[in-house]
Amino acid sequence: DDIVMAGNQFNTKPEEGFQYVFVKIQVTCTKGADETCSVSPVSFKMIGNEGIAYDSEWILSGVEGLLDSKEFYGGATVTGYVGFIVKSADTSLILTYNPLFGDVFYMSVE
């Protein structure tokens, strides 16, 4: 939370009982070299213990290493962090990725 608030005073401050969680994402486009893939932080959600889905905090300023919306070619890999504000008590978090085209992915978060 301190890193986010130090980045920009206008970043969303978590309410009492909530905190920021950042997940490092690495996506490789497995298409041919002349085809493109795309990724966006808005395609990710975090599901907490109570089954509540949290949207990504994709409008953050002054925080290094965040995943930006990108279009990239086959063979390329993009990496970055996606942030969420979740309940501090949530311990069994699940990350979901819902691409514009394709199936939803579910991944546990450590």
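Buried means under 20% relative accessible area, exposed means over 50%, and partly exposed lies in between (1.4 Å probe, protein chains only). This is a predicted model, in which local features need pLDDT of at least 70, side-chain atom pairs count only at pLDDT 80 or more, and totals for chains, interfaces and linings use all residues. Residues are numbered from 1 along each chain as its sequence is written, and side-chain values use heavy atoms, with hydrogens and water left out.

**Exercise 1. Work out where Leu93 sits and what surrounds it.**

Step 1: Start with the elements; helices (H or I, at least four residues) and strands (E, at least two) are DSSP runs, numbered from the N terminus. Leu93 falls in the loop between strand S6 (77-87) and S7.

Step 2: Check the cover. Leu93 counts as buried because its relative accessibility is 8%.

Step 3: List the contacts, meaning heavy atoms within 4.5 Å. Leaving out residues up to four places away in sequence, Leu93 touches Val21, Met46, Ile47, Gly48, Val86, Met107, Ser108 and Val109.

Step 4: Pick one of these partners, Met46. Leu93 and Met46 are 47 residues apart in sequence, yet their C-alpha atoms lie 6.6 Å apart.

**Exercise 2. Trace the pairing of S3 with S7 and S4.**

Step 1: Recall the rule that two strands pair if DSSP finds at least two bridges between them. S3 runs antiparallel to S7 (residues 94-97), with four bridges joining them. Ile47 has Ile94 as its bridge partner in S7.

Step 2: Turn to S4 (residues 53-55), which pairs with S3 in the antiparallel sense over three bridges. Here Lys45 stands opposite Asp55.

Step 3: Look at the hairpin of S3 and S4. Five residues lie between the strands, and Gly51 takes a positive phi near 80 degrees.

Step 4: Compare the faces of S3. Phe44 and Met46 make up the covered face, while Lys45 and Ile47 make up the uncovered one.

**Exercise 3. Which residues make the nonpolar surface patch, and how is Val42 placed?**

Step 1: Val42, Trp58 and Ile59 make a nonpolar surface patch of about 350 Å².

Step 2: Val42 belongs to the loop between strand S2 (36-39) and strand S3 (44-47).

Step 3: Val42 counts as partly exposed because its relative accessibility is 46%.

Notes. Patches are made of residues with over 30% relative accessible area and no salt bridge: like charges are joined within 9 Å, nonpolar side chains (Val, Leu, Ile, Met, Phe, Trp, Tyr) within 5 Å. Accessible areas come from the Shrake-Rupley method with a 1.4 Å probe; for residues, only the protein chains shown count as cover. A salt bridge is a side-chain nitrogen of Lys or Arg within 4 Å of a carboxyl oxygen of Asp or Glu.
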